[in-house]
Amino acid sequence: MCEKTSVTATRGMAVTNHPLASAAAVEIMAAGGNAVDATVAALFTLTVVEPMMVGIFGGGTALIRLADGREMVIDGLSTAPAAARPDSYRPISDTWPDYMETEGRENRVGPKAIAVPGNLKAWCEVAERFGSLGLDALTEPAIRHAARGFRVTPYLANCIADAASDLALDPAIAEVFLPGGRPLEAGALLVQGDYAQTLRRIAKDGPGLLYGGALGREIAGHLEGAGSFLRLSDLEAYRTIEREPVRGTYRGVEIMGPPPPCSGGVHTIQILNMLEAFDLGALGFGSPETLHLVLECLKIAAADRRAATADPAFVNVPQARLISKDYAALRRQEIDPARAGTYAPGIVSNESANTTHVTIADAEGNLVTSTQTINSLFGSRVMVPGTGVICNNYMSLFDPHPGFALSLQPGKRITSGITALIGKRDGKPIFALGLPGAHRIPASAMQAVLNLVDHGMSVQEAVEAPRVFSWGQEAELERGIADGARSALESLGHEVAAVDHVAGGMCAIAFEPDGTMTGAACWRADGVPMGMGGGLARRGTSFWPDPRLSKTTTS
């Protein structure tokens, strides 16, 4: 049973986690822009209408397939400021679950939690390289909604209420989201005038305004005065990186995703390689046998992820080994079909769930699937006065203990669970998908692949189907999983925990050989697919004039 409906079209498809962002993408394509233009416009709009999830002062990754066949990953992930050191924070524990926590939550809330942002530079660069419209056009929908306001959804209202105690600590952000000291309620009109003006400045002056220009000086000066590690020189030095996608196969379908420092592509391919030896289609969706195998493979891959996935500029990541079929065969032997296991890394060398995702395609064959975030809900819960800019808290993703793969180092890129995937058959895309959800992202994206390839689901069913997750501790099962399956898993030794949802709102597009695209979003966020059908008038057609007014008409 699906709560939402899919949309089918031929001339363009946009799936984002807010209807106004999907509308912005379609507006841009209707104005002559391509999927890259539409993606950038949607992301700018999401910074306004989904401000708790994404912002220009955040980071992210885009997997892009262009109409000419070029494929690439644009890495705009945040980096550690030059002033940061491995021992910049004082961890409160050397064991889980508090291993990543620090004294005073300094790596999560406040100015010391802010890393160097990559979003604005990455968005503007891809628009300039691969788009066809100017920055003024791509920012216009966002500026319009920031200046005129939009109605707060229940989802956004719940997020504001959840973070209210921290938002109240920062006067600038509290003024916007806690007017009169009370969280905005669903249906309230949210106007962000300062942010609208910031976007106007960016539309005029480009990303240099932040990366060394006047806006960068304003923000860096304020943050330095507040005790942040970030300096203007960090903004000036920031660079995006173009990377080669990581690739694997699953039952004849090529799977393509982002490489390290994103863990999702490697993680997903490793799990699929292990599962490929089992006939999951015959075992059935949601059966105890299928769920047991999925959970065991999740635990094995998680052990390797923690040990060996980080910024490849700082850590030797054994990517080829992790995604090889031979390595999957070795690790598969450790699975007991009759008992839950505990797994150590086979290779030696804490993220937030509050992110957003867009999947957008056009009729020419351009395709973007992109995950972007400011990390935690409302990032560091810091807004720079007079700008409307909400800052990330990406520093919380670094291990506060020195000496490990994920430990903090100056200039190091954060490690993310981003899993923006494209599936291809015979060289042509058959699906593209992604979602927010931190370390639960790869598990959820992988299950969507199983739903499409093994279980024959429609794309709408695939994004909405109940999910499971484990990272080596308890097995999280969404409440949609049948009670009988839960009991059977417990009898196998799994410590089962029923949860409302695993990860966030998935945005997916399925592609048919005739060019038809079907977009789908799930119930776990405000996701809405919007497509373009129809088209221009048949060539040579004009409106027939009234014969009585025609010059050739005689009385």
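Mentor: Before we look around, one cut-off: a residue is buried when its relative accessible area is under 20%, exposed when over 50%, and partly exposed in between. Please remember that this is a predicted model.

Trainee: Then why is Cys159 called buried?

Mentor: Its relative accessible area is 7%. That value falls under 20%, so Cys159 counts as buried. Cys297 is buried too, at 0%.

Trainee: How do you know how many disulfides there are?

Mentor: A disulfide needs a pair of cysteine sulfur atoms within 2.5 Å. By that rule the count is zero. Take Cys159: the nearest cysteine sulfur belongs to Cys522 and is 14 Å away, so with a limit of 2.5 Å, Cys159 is in no disulfide.

Trainee: Let's turn to the chain as a whole. What makes it as compact as a globular protein of its length?

Mentor: The chain first: its secondary structure comes to 17 helices and 21 strands. The radius of gyration is 24 Å, and the globule rule gives 24 Å for 555 residues, so the chain is as compact as a globular protein of that length. Along the principal axes, the C-alpha trace spans about 95 × 60 × 40 Å.

Trainee: Which residues touch the most other members of the largest nonpolar core?

Mentor: That core has 84 residues, and Phe44, Phe57, Ile64, Phe177, Leu223, Ile360 and Phe378 touch the most other members. Helix 2 (residues 35-49) gives the most to this core, with eleven residues. A second, separate core holds 57 residues, among them Val246, Tyr250, Ala475 and Leu492. As background, nonpolar side chains in soluble globular proteins tend to be buried together.

Trainee: What does Phe177 touch beyond its close neighbours in sequence?

Mentor: Leaving out residues up to four places away, Phe177 touches Pro51, Ile160, Leu167, Arg182, Pro183, Leu184, Leu190, Phe378, Met383 and Ile390.

Trainee: Now a charged side chain. Is Glu478 buried or exposed?

Mentor: Buried: its relative accessible area is 1%, which is under 20%. Glu478 sits in strand 17 (residues 475-478). Its contacts, apart from neighbours within four places, include Arg467, Arg486, His501, Val502, Trp523 and Arg524.

Trainee: What polar atom lies 2.7 Å from the backbone nitrogen of Val502?

Mentor: A polar atom of the Glu478 side chain. The limit for a polar contact is 3.5 Å, so the 2.7 Å separation falls within it.

Trainee: And Lys325: buried, exposed or partly exposed?

Mentor: Lys325 has a relative accessible area of 36%, between 20% and 50%, so the name is partly exposed. You will find Lys325 in helix 14 (residues 325-332). Beyond four places in sequence, Lys325 is in contact with Thr249, Asn273 and Glu276.

Trainee: How do you know that the side chains of Lys325 and Asn273 make a polar contact?

Mentor: They come to 2.9 Å, and the cut-off is 3.5 Å, so the pair qualifies.

Trainee: What about the backbone: what kind of peptide bond runs from Pro260 to Pro261?

Mentor: That bond is cis, with omega near 15 degrees. Pro261 lies in the loop between strand 9 (253-257) and helix 10 (264-275). In general, most peptide bonds are trans, and most residues other than glycine have a negative phi.

Trainee: What is the phi of Arg105, and what is the phi of Asp426?

Mentor: Phi of Arg105 is near 50 degrees, a positive value in a non-glycine residue. Asp426 also has a positive phi, about 55 degrees, without being a glycine. Arg105 is in the loop between strand 4 (71-75) and helix 3 (119-130). Asp426 is in the loop between strand 14 (421-425) and strand 15 (428-434).

Note on methods
Residues are numbered from 1 along each chain as its sequence is written. This is a predicted model: local features need pLDDT of at least 70, side-chain atom pairs count only at pLDDT 80 or more; totals for chains, interfaces and linings use all residues. Side-chain values use heavy atoms; hydrogens and water are left out. Helices (H or I, at least four residues) and strands (E, at least two) are DSSP runs, numbered from the N terminus. Buried means under 20% relative accessible area, exposed over 50%, partly exposed in between (1.4 Å probe, protein chains only). A polar contact is a pair of N or O atoms within 3.5 Å; within protein, one must be able to donate a hydrogen and the other to accept it, and residues adjacent in sequence count only if both atoms are side-chain atoms. Contact means heavy atoms within 4.5 Å. A nonpolar core is a set of buried Ala, Val, Leu, Ile, Met, Phe, Trp, Tyr and Cys residues joined through side-chain atoms within 4.5 Å. The radius of gyration is taken over C-alpha atoms; the globule rule is 2.2 Å times the number of residues to the power 0.38.
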